[in-house]
Amino acid sequence: MSQSPDHDDPQNENHSALKRRIATLEEQNAELRGEHSNKSRGDPYLLAGRAIRRLVSLNYRVEDLVGEYDRRTTSCDEDDSVQVQHTEEEERIYNSFKQLLRWVPCIRDLVYSQSDGYQLNTAYQKLNRGADSARGDDAASLKLAVASWLNEGQPTPNPPISSRDKSGRGFYNDSTAELLCPVDFNWADKSTQEGIRNYEHDFQVTAHSWPTFMYKDGRYDREDPTKGLFKGALLVRTFKHIFTSPSSAGETRPDEEGSHREPLYKRSRTTGERRTRSDIAALLGMRSLRFALSSCGSWRTVDDEFDHHQFYIYMINYFEHPPTSAAKASVENLLVWWNRQIFGPRNVSSYSPQIAAQYSVANTSAKR
C-alpha cells in the first residue's frame, strides 16, 4: 500500500525515491572528500524554506523528512502485504513531511520529479538555509521586542532588560526568571532562586515542567493544571509579532475578548487564513519566546538541562493527541480562543462554523 499523500504511480514513486537516496549518498561522499560547490541555484527555495521552522518542524532537515517518505515508499513496494509498524519518532517525521507538502508546495514537485542528485540536494540545501535564516531573523527580532515589552511593563525590571546583550536575561534577572521558572516551583521563594541558579538536583529546569509564561497571568492551579495553559499574554504577543506584524503585537491584550474592534491587519486576510494551527502555538510557546527570555546567545536544542525538542513533543501531543473526548473539546475551545485573540471576535464562523443541522432552518425543513 502506497504511503504517498496523494500520488498514484508507485513505480515512478519508487524510482524517484531510489534516485534521491543515491543522491544523498553521493552528497555525503562529496562532503567527506571536501568537495563543495559554490554555485547558487534555485534561489526561490530560500524564500519557500522560511516557513519550515515556523509551520513544519522545529529541527528536522528537509532531507530527513523526504527520507522518511522514501523509506516508507520503498518498504511498502518490497512487500505490500506486510503491515509495517513505525516508531513514534518515525510517525512524527512523516507527519512533518505531510505538513511540508502543505506549507512548502514546491516540495511536491521535487519529490515527484526526475531531477538529478545535484538539483535535489541543491534545492534541499536552499530550503534548509531559508528555514534556519527565518529562525535567526525571528530570534533577532524577538530579542529586541521582548526587552521592550518587559521594560514597558509594571513593575519595571531591575536592572532593565538589555535589548542587545542576552547574558543578563534568563535566571540572572528576576523579571525573565519569573517567566521561565517552572510552575512546579515558586520563584518568589529565595530557596528556589538559589536552587535553580546553583543547579541543585531538587530544582532542575527541564522540559518536564511548564514554564510560568505558558499560563494566563502566570497562574498554575495544581488541581486544574489545564486552566489558563497556553493563554500567556506574551505568547499571544509573540505570535502576532511573527505571523501578523511586529506593530500588531501591542494592539490588543489577551483578556480583551469583549472588544468588537477588528484589527486593521485582519481585514485583508482570507477565510482560510483566519485559523491558527495548534503546532504554530506550540512552536511559538517553546522555541521563540522561551529562547528570547533565556540568556542563551545562540539557538541550541538543549539549553543547560532544558531539552527544547522534548518540550516541543509534549506540546504537540497536548494539541494533537488529547486522551479523552473532554480533552479534545478543551483543545478545540482553546484554538477558538487563540483565533479570537489573533483575528478578533468577528467572523467567528470562519474558524468555528456552526453545525447547520442543529438550527432552525434545518429543523423547519425536516418537519415540513
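Predicted model: local features only at pLDDT ≥ 70, side-chain atom pairs only at ≥ 80, totals over all residues.

1. The face of α5 turned away from its buried side carries two exposed residues, Glu-88 and Arg-102. Here buried means under 20% relative accessible area, exposed over 50%, and partly exposed in between, with a 1.4 Å probe and protein chains only. Helices (H or I, at least four residues) and strands (E, at least two) are DSSP runs numbered from the N terminus.

2. Residues are numbered from 1 along each chain as its sequence is written, and side-chain values use heavy atoms, with hydrogens and water left out.

3. The buried side of α5 consists of Ile-93, Tyr-94, Ser-96, Phe-97, Leu-100 and Leu-101. Viewed down the axis of α5, these buried residues fall within an arc of 155°, so they line one face of the helix; the arc is that of the directions from the helix axis to the C-beta atoms. With 16 residues, α5 reaches 22 Å from its first C-alpha to its last, close to the 22 Å expected at 1.5 Å a residue. The expected span is 1.5 Å times one less than the number of residues.

4. For the chain as a whole, there are 14 helices and two strands. Of its 368 residues, 43% count as buried. The chain exposes about 19,700 Å², of which carbon and sulfur atoms supply 48% (Shrake-Rupley method, 1.4 Å probe; for residues, only the protein chains shown count as cover). Among contacts (heavy atoms within 4.5 Å) between residues at least 6 apart in sequence, 69% join residues at least 24 apart.

5. Aromatic pairing deserves attention. Rings of Phe, Tyr and Trp (its six-membered ring) pair if their centres lie within 6.5 Å; planes under 30 degrees apart count as stacked, over 60 as edge-to-face and the rest as tilted. By this rule the count comes to 16 aromatic pairs. In one of them, the rings of Tyr-94 and Phe-97 have centres 6.1 Å apart and planes at 20°, so the pair is stacked. Both residues lie in helix α5 (residues 88-103), three residues apart, about one turn of the helix, and both are buried.

6. Ring pairs also link Trp-210, Phe-230, Phe-306, Phe-311, Tyr-318 and Phe-319 into a cluster. The charged end of Arg-290 sits over the ring of Phe-306, 3.6 Å from its centre. Likewise, the charged end of Lys-166 sits over the ring of Phe-291, 3.6 Å from that ring's centre. The criterion is NZ of Lys or CZ of Arg within 6 Å of the ring centre and within 35 degrees of the ring normal.

7. Which residues other than glycine have a positive phi? Phe-230, a member of the cluster, has phi near 70°; Tyr-199 has phi of about 55°. Tyr-199 lies in the loop between α9 (190-197) and α10 (233-243), and Phe-230 is placed in the loop between α9 and α10 as well. Phe-230 is buried, with a relative accessible area of 0%, whereas Tyr-199 is partly exposed at 47%.

8. The bond from Gln-154 to Pro-155 is cis, with omega near 0°, and a cis bond joins Asn-158 and Pro-159, with omega about 5°. Pro-155 is in the loop between α7 (117-152) and α8 (174-180), and Pro-159 is found in the loop between α7 and α8.
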